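Hi,

Here is the structure I promised to pass on to you.

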Amino acid sequence: MDKLIAVIKREYLERVRTKWFIISTVFGPVFLLAISVLPGLLTARNIRDTQLGAIEILDASGIGLGDRLAAALRTRTPNPITLTPGRRDSALTAGAPPVNATVRVTTPSELAQAESVTTHAVIASTIRGYIVLDSASVTTGKARFAGRNTGLGEVGQIESALRSAIIMHRLALAGIVDARADSLTRVRVDVTAERLSEKGRGDSGLAGLIFGFLIAFLLYMMIILYGQNILRGVLEEKTTRVAEVVISSVSPETLLAGKVIGVGAVGLTQQLAWLTFGGLLSLYGLGAAATMGMNVTMPHVTAFQVVCLILFFLLGYTFYASLFAAVGAMCSSQEEATQAAQPVMMLLVASIILVQPIMATPTGTMANVMSMLPFSAPIIMPLVMASTDVPAWHIAVALAGLVLACVGAIWVSARIYRVGLLMTGKRPSLRELVRWVRYA
C-alpha cells in the first residue's frame, strides 16, 4: 500500500505543479465557453447580417409570385443594394428605398433560356444570384436558387421570404387584402420550456439542455486529455527504460494502479476547480442579469446528480485510462501508439457524435440504450440526467455495467501492461495479445 501511495503521489504532484496545469485550470473554463458558445453566436450573427446583394427573380409562376417575393426580400435584407440599371423592379414603390431584387417575368417555355442568360450574368459578377419560380412553387413551396454564395444565411432569407410570399398569395385568394394579410402573418413566437416531474415544476428545459451539453463535452474532453496523458506517460517510461528501474521495486499492477489513480485525481481536481469557477461566475451573471431586469433561469442541480456526475467521470476515466495504458505498454513509438489507440478513440468519438440527436429526444430509445452501454454511459448518462428525469434503476444499471467494464478493462490491461512494459520491437498482433492475457 505504501508503494501504491508513493506512485499516486508522484503522478499527482508531477502534473499539478506544472505551469500548463495552472494555465489550463485558470483559462480552461474560458476556452470551453468560447468553443461552445462563441461559434453559435457568430453563426447567428452572420446569418442575421447576411446581405443578399443584387439578385434576379425568374418568375414563371404566372400569378405574380415573383413580385410578392421581391417585396418580402426587401423587408428582410439589412442593407439593400441599388439594382442593375435597366431592370424592372416590380417591388419598388413611390417613396420607398431601392431594393435588391429584380423580377423578370417569363413563360415556362422561355425559362431555360432566361436561366442561361442569368447564369452568365452571375458568372460575370453583374448580379449575385437568381431565384427560379415555376407554376408548382405555390403548391409545393419549392424554388431554386443559384448564385455566388449559397450559404445558410442567404438560403434562409430566401426561404423565409418565399414562405411569406406564398402565404400572402393564398390569403389574397381568400379575399384578404395585402395590408391585412401582412398584419396577420407578422407574428413573433416565443415558447418558454419548463420541465415538469413528480416533484412539481422544474427548471427551464433549455437551461437543462445547455447544462447537459456542457457537462457531456467537459467529461469527453477530460477523459481524452487524461487518458492520452497516461498513454504518453507509459510510452515515455517504456522507451526511456525508466520502467525497468521502477518495476524492480514496484510490481507492474501497482505501477498501473498508481498511474490511473494519480492522473485521475489530477483530472478530478481540475474539474472541481472548473465547477467552482463556473458556480461563482453563474452567481455573478445572475446578479448582473437581475440588475438589468432580465429573468435568467439556471438549471437546478441536486446533490445526488453531483455525486452521479463524479462517479460517471471516475468510472469512465478508469475504463478508458486502463485501455490507454495497455496501448502505451504494447507500443514502442508514438506513431505506433497513435495508430493502436484509434479503436479506443472511436468509442469516445461515437459517444460525442450522438450528443446532438440525444439532446433532441432525451427520452428516446437511442438515449436509453446509449446511456447504459459502458463505453458511452460516462458521457451520455450525465447529458440525459441534465435534460430529463431518469429513473433510478436506469442510473443503477448504467453504473453497474460501467463498474463491470472497469473491472474487465483493468484485468486485461494489467496483464498486457505486465508483459508489454518490458517488450520492445514490433507491435504485438492480436493473437499475441491474447497470449499475453492468458499467460501473464
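Below is what I found, going from the overall make-up to single residues.

First, some housekeeping. This is a predicted model, so local features are given only where pLDDT is at least 70 and side-chain atom pairs count only at pLDDT 80 or more, while totals for chains, interfaces and linings use all residues. Residues are numbered from 1 along each chain as its sequence is written, and side-chain values use heavy atoms, with hydrogens and water left out.

**Overall make-up**

The protein holds 18 helices and 6 strands. These are DSSP runs, numbered from the N terminus: H or I of at least four residues for helices, E of at least two for strands. Of its 440 residues, 40% count as buried. Buried here means under 20% relative accessible area, exposed means over 50%, and partly exposed is in between, with a 1.4 Å probe and protein chains only. If you take the contacts (heavy atoms within 4.5 Å) between residues at least 6 apart in sequence, 72% of them join residues at least 24 apart.

**The cores**

A nonpolar core, as used here, is a set of buried Ala, Val, Leu, Ile, Met, Phe, Trp, Tyr and Cys residues joined through side-chain atoms within 4.5 Å. The largest one has 47 residues, and Phe-312, Ile-358, Ile-379 and Ile-395 have the most contacts inside it. Helix 11 (residues 303-330) supplies the largest share of this core, with 9 residues. Apart from it there is another core, of 25 residues, which includes Phe-21, Tyr-317, Ala-321 and Ala-329.

Two residues are worth a click in your viewer. Leaving out residues up to four places away in sequence, Ile-358 touches Met-366, Ala-367, Met-370, Ile-380, Leu-383 and Val-384. Leu-383 is found in helix 16 and is buried, with a relative accessible area of 1%. Beyond its neighbours within four places in sequence, Leu-383 is in contact with Gly-212, Phe-213, Ala-216, Val-355, Ile-358 and Met-359.

Two packed helices are described by the angle between their axes and the distance between the axes. The axes are lines fitted to C-alpha atoms, for helices over the stretch in contact, and the angles run from 0 to 180 degrees between N-to-C directions. Angles under 35 degrees count as roughly parallel, over 145 as roughly antiparallel, 65 to 115 as roughly perpendicular and the rest as oblique.

- Helix 11 and helix 17 (residues 392-420) pack at about 25°, with their axes 8 Å apart; they are therefore roughly parallel.
- Helix 11 and helix 16 (residues 377-387) pack at about 165°, with their axes 9 Å apart; they are therefore roughly antiparallel.

The crossing of helix 11 with helix 17 is left-handed, and that of helix 11 with helix 16 is left-handed too. By that I mean that the near helix is turned anticlockwise from the far one by less than a right angle; clockwise would be right-handed. Where helix 11 meets helix 16, Gln-305, Cys-308, Leu-309, Phe-312 and Gly-316 face Ala-377, Pro-378, Met-381, Pro-382 and Met-385.

**Aromatic pairs**

A search of the whole structure gives 3 aromatic pairs. Rings of Phe, Tyr and Trp (its six-membered ring) pair if their centres lie within 6.5 Å; planes under 30 degrees apart count as stacked, over 60 as edge-to-face and the rest as tilted. The rings of Phe-217 and Tyr-220 have centres 6.5 Å apart and planes at 40°, so this pair is tilted. Both residues lie in helix 8 (residues 205-239), 3 residues apart, about one turn of the helix. Tyr-220 is buried at 13% relative accessible area. For Phe-319 and Tyr-320, the ring centres are 5.0 Å apart and the planes at 80°, so that pair is edge-to-face. Phe-319 is buried at 11%, and Tyr-320 is buried at 0%.

**A loop residue to check**

Ser-125 has a positive phi of about 65° although it is not a glycine. Ser-125 sits in the loop between helix 4 (111-123) and strand 3 (129-133) and counts as exposed at 53% relative accessibility.
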